[in-house]
Amino acid sequence: MLASLGMIPLNEPNILSKDKCFTVMLDGRVLGKVPQRSAGRLVDKLRMLKIEGLKVPKTLEIVLVPLSKTKGQHPGLFLFAGPALMMRPVMNLAAKKVELIGTFEQVYMDICITQKEAHPGITTHQELSKTSFMSNLASMIPMPDCNQSPRNMYQCQMGKQTMGTPWHNWLVNSDTKLYRLQTPSTPLFRPVHYDMLKMDDYAMGTNAIVAVISYTGYDMEDAMIINKSSLERGFAYGSVVKSEVVTLNSVHSYFALDNTDIQAAKYLQEDGLPHPGQKVTEDQPFYSYFDHESGKFLTKKYHGEDMVIDQVKLCGNVAVRSAAGNCGKAIITYRIPRYPMIGDKFASRAGQKGICSQTLPTEDLPFTESGIVPDIVFNPHGFPSRMTIAMMIECMAGKSAALHGLVHDATPFEFSEEDTAIDYFGKLLHAGGFNHFGTERLYSGVNGCEMRANIFFGVVYYQRLRHMVSDKWQVRSTGVTDMLTRQPIGGRKRGGGVRFGEMERDSLISHGASFLLQDRLFHCSDKSLALICRTCGTILGPVLAIQNNKKDTSLNYTAKCRLCADEGIIERIEIPTFLGI
Ligand SMILES: [Zn+2]
């Protein structure tokens, strides 16, 4: 078929010189040559056959890599007909039909997004929708066309870190770690793509009443204040589901409870395992088993955050569990409750992330004319430099959606300069008896006075991110030190210290805080005593000699300099251990 379109097969004599031909390859095998000047025509004809699905499959990938003066991919005509090609649909402008294109050929194609962008004679294809250039993550941002572009990229990063509903079978699964939001809700302002992906089944956030106001100062630098009563009602409540696989050391060992162990019997069942619903805290019996090697019952204790047992799975043939080699494995699934607290991270869908810095009781927060109190206080200084207009539109749209009992469409490129989103939602707000621009009069929660400024007030969909303080906090007074250097060890898990590095050192030097510097880096670190000889000034000279006292049997240590012998005057000094090494 290719030969009929102008390809010169391998077994036919080729009168053209090698340089003036493209190699034709199908799935990595050479089929023949095609003259460079007629290669374009061959590709056009082949593409028409492909669109019609005649003689060649509709999933054929046709890549004509042209000659390039600069370095590039090897020129030639490459065809792919394999069953595992990743393809997407676009409109072929010449045939006015949908064509599937592959990842390799799309690089050498001219695809426009709207008809306006098409250059006659150059553009061959058009996207089926204005949003098809966006990924699934980007397609779920409300009105990304109204955001500064980096904010959309930040949201694409954060969308993957949300606590939400990753899947629905965590009750039967044994996931190593899973973050789950207990009280998710559906966004009131969302793009069509959100529904196409059926994201309502995998909700990943909560609708929050947001007041854009600088209040108390606790909302400085991207921090945000959260209503304490909202938290107590279950706002952004999440949990971490974990599984622990317990494998017994020998085939003759089995899970069983030691009846003589009263402490373990309080918490564990007869089979030596905890029951679902059991609350477990640090150092509480976790499971117990009969150890074949020692011939004793052993009870393992739980180490970690307070948790609740979700499920216990005994693996193996439970019917004949007493027989050797059966049921030597158990999977204990448990959940760690994680209510939102100070230090937890939240973000709207416009790349506006923030840390909860304070939880205020409802009565201390500002309230509106109708008595509505915000869930989240967002600092207005977050808007001017970031230019996340979509979040402001969402605030208005969410408010009008809540007002009229609707869900608004947030698909990008639907509004224009003549017909703006602000006007559209402003009119809806006005119809509901609110200010056209989404602002409201607020009363201070501290003294009850009406505030002079109008406050932007509405509903924004907030995501709770998986970075939580309870996974990150680190403190230490004294503890384990390194054997060699005698400096405190690092690492949160091992109870190590927080590193005081070179930059921190420079900072203290520049502040002139030399005593603090000595305290951190010397007294609280690897201070040690050493001997020094005043005569020769070396710390390597002095050695301790043990002298036996003749009068009593006690040992007496005296230091002597190896270099100066009797003339050496030995003193004790404090040096960092590492200097001695
Ligand atoms: Zn000396």
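Predicted model: local features only at pLDDT ≥ 70, side-chain atom pairs only at ≥ 80, totals over all residues.

Student: OK. How many helices and strands are in the protein?

Tutor: The protein has 12 helices and 31 strands. Its radius of gyration is 36 Å, well over the 25 Å that the globule rule gives for 581 residues, so the protein is more spread out than a compact globule.

Student: What box do the C-alpha atoms fill?

Tutor: Roughly 115 × 85 × 70 Å, along the principal axes.

Student: And what percentage of the residues count as buried?

Tutor: Of the 581 residues, 39% count as buried. The accessible surface is about 33,000 Å². Carbon and sulfur atoms account for 56% of that surface.

Student: What about contacts between residues at least 6 apart in sequence: what share joins residues at least 24 apart?

Tutor: The share is 63%.

Student: Charges next. How far apart are the mean positions of the positive and negative ones?

Tutor: They are 6 Å apart, for 63 positive and 58 negative charges.

Student: Switching to helix 1. What does it reach from its first C-alpha to its last?

Tutor: Helix 1 covers residues 36–52, which is 17 residues. It reaches 25 Å, close to the 24 Å expected at 1.5 Å a residue.

Student: Which of its residues are buried?

Tutor: The buried ones include Leu42, Val43, Leu46 and Leu49. Arg47 and Lys50 are also among them.

Student: What follows helix 1?

Tutor: Gly53 does, with a positive phi near 75°.

Student: Is Ala236 buried or exposed?

Tutor: Ala236 is buried, because its relative accessible area is 3% and the cut-off is under 20%.

Student: And Phe413, what's its phi?

Tutor: Phe413 has a positive phi too, about 65°, and is not a glycine. Its loop runs between strand 25 (408–409) and helix 8 (421–431). At 33% relative accessibility, Phe413 counts as partly exposed.

Student: Where's Val407?

Tutor: Val407 sits in the loop between helix 7 (389–404) and strand 25. It counts as partly exposed, at 43% relative accessibility. Leaving out residues up to four places away in sequence, Val407 touches Pro187, Leu188 and Arg190.

Student: Now Thr176. Buried or exposed?

Tutor: Thr176 is exposed, with a relative accessible area of 66%. It is in the loop between helix 3 (149–158) and strand 10 (177–181).

Student: What is Thr176 in contact with?

Tutor: Val241, Lys242 and Ser243, leaving aside neighbours within four places in sequence.

Student: Last one: Gln358. Which strand does it lie in?

Tutor: Gln358 lies in strand 22 (residues 353–360). It is buried, with a relative accessible area of 18%.

Student: What does Gln358 touch?

Tutor: Not counting residues up to four places away in sequence, Gln358 touches Tyr218, Met224, Ile225, Ile226 and Ile342.

Definitions and conventions. Residues numbered from 1 in each chain as written. Heavy atoms only, no water. Helix = DSSP H or I, 4+ residues; strand = E, 2+ residues; numbered from the N terminus. Expected span 1.5 Å × (residues − 1). Buried < 20%, exposed > 50% of the residue type's maximum accessible area, 1.4 Å probe, protein only. Rg over C-alpha atoms; globule rule 2.2 N^0.38 Å. Contact = heavy atoms within 4.5 Å. Areas by Shrake-Rupley, 256 points an atom, 1.4 Å probe, with all protein chains shown as cover. Lys, Arg positive; Asp, Glu negative; His and termini not counted. Charge placed at Lys NZ, Arg CZ, Asp CG, Glu CD.
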